[in-house]
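Welcome! Take a moment with the sequence and the model, and then we will walk through them together.

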Amino acid sequence: MQKEPTVLVKWEFYSLCLLAASLPIIEVTKNLAWFMLVIFFAVRNIKTRQNLLADFLGNMILGFMLLSAVAAVGASFNGYDSGKISDIIRYGLVGWMLMYIPLSKQQIYTILALLFVATSIGVIVAYLETAYWQGGAFELRSVGHINHTAIFIALTLGAVVPLLLSRTSAFQARLVLMPMAIILTAGLFFADSGAGIVALAIFV
């Protein structure tokens, strides 16, 4: 019986990996990964009967999602688009689930590394699309609006890069991480968004 929940944790980890690799660039697999994560998390917790109100930060995230849901209902009744609020709720739910998924440090760094690489690829594609292919605003494909793109890049730079640097040698950092960090920084300035610059300043 103990082995079955362990297997489900493994699939939750795989779902998080797919989500991290897809989040900035591929809408279809991003949505699929989110759905898989919710299913595997729910099944494991039905089997283990884990206390899902035990973590203070997790409860804060739940409260934030509840308030966001109320805001979404109010926005819909007043004729406003509530689609972006639903995204906040969906990915707030991911943050809440992470409080209760027993991941190892290595698994966490793997997820962060995938997010870092995917965001770097997304920045390169967005630049090519803007400069040479389609024109228009600088946006990550699966993130959207220029301000959202800039904030996403800033969060990746400010939160993910320091954690990854702490886990790598100086040579690895110079060879791989620093060039990608430069790409993300360039993407932040291509986006030319005040919101993104403010977000980066807060994290740095």
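Let us start with Phe56, which is found in helix α3; helices (H or I, at least four residues) and strands (E, at least two) are DSSP runs, numbered from the N terminus. This is a predicted model, in which local features need pLDDT of at least 70, side-chain atom pairs count only at pLDDT 80 or more, and totals for chains, interfaces and linings use all residues. Residues are numbered from 1 along each chain as its sequence is written, and side-chain values use heavy atoms, with hydrogens and water left out.

Is Phe56 buried or exposed? Phe56 is exposed, with a relative accessible area of 64%. Here buried means under 20% relative accessible area, exposed over 50%, and partly exposed in between (1.4 Å probe, protein chains only).

| Residue | Relative accessible area | Class |
|---|---|---|
| Phe56 | 64% | exposed |
| Arg49 | 76% | exposed |
| Ala33 | 0% | buried |

Phe56 also belongs to a nonpolar surface patch with Leu57, Met60, Leu98 and Met99, and together they have about 500 Å² of accessible area. Such patches are made of residues with over 30% relative accessible area and no salt bridge, with nonpolar side chains (Val, Leu, Ile, Met, Phe, Trp, Tyr) joined within 5 Å and like charges within 9 Å. A salt bridge is a side-chain nitrogen of Lys or Arg within 4 Å of a carboxyl oxygen of Asp or Glu. Accessible areas come from the Shrake-Rupley method with a 1.4 Å probe, and for residues only the protein chains shown count as cover. Helix α3 (residues 56-77) gives the most to this patch, with 3 residues.

Next comes Arg49, in the loop between α2 (27-48) and α3. Arg49 has a positive phi of about 55 degrees although it is not a glycine.

Ala33 lies in helix α2. Which residues does Ala33 touch, not counting those up to four places away in sequence? They are Ser15, Leu18 and Leu19, where contact means heavy atoms within 4.5 Å. The C-alpha atoms of Ala33 and Glu12 are separated by 9.3 Å, and these residues are 21 apart along the chain.

Now for the whole chain. The secondary structure comes to 8 helices and 0 strands. Of the 204 residues, 37% count as buried. The accessible surface comes to about 11600 Å², and 70% of it belongs to carbon and sulfur atoms.
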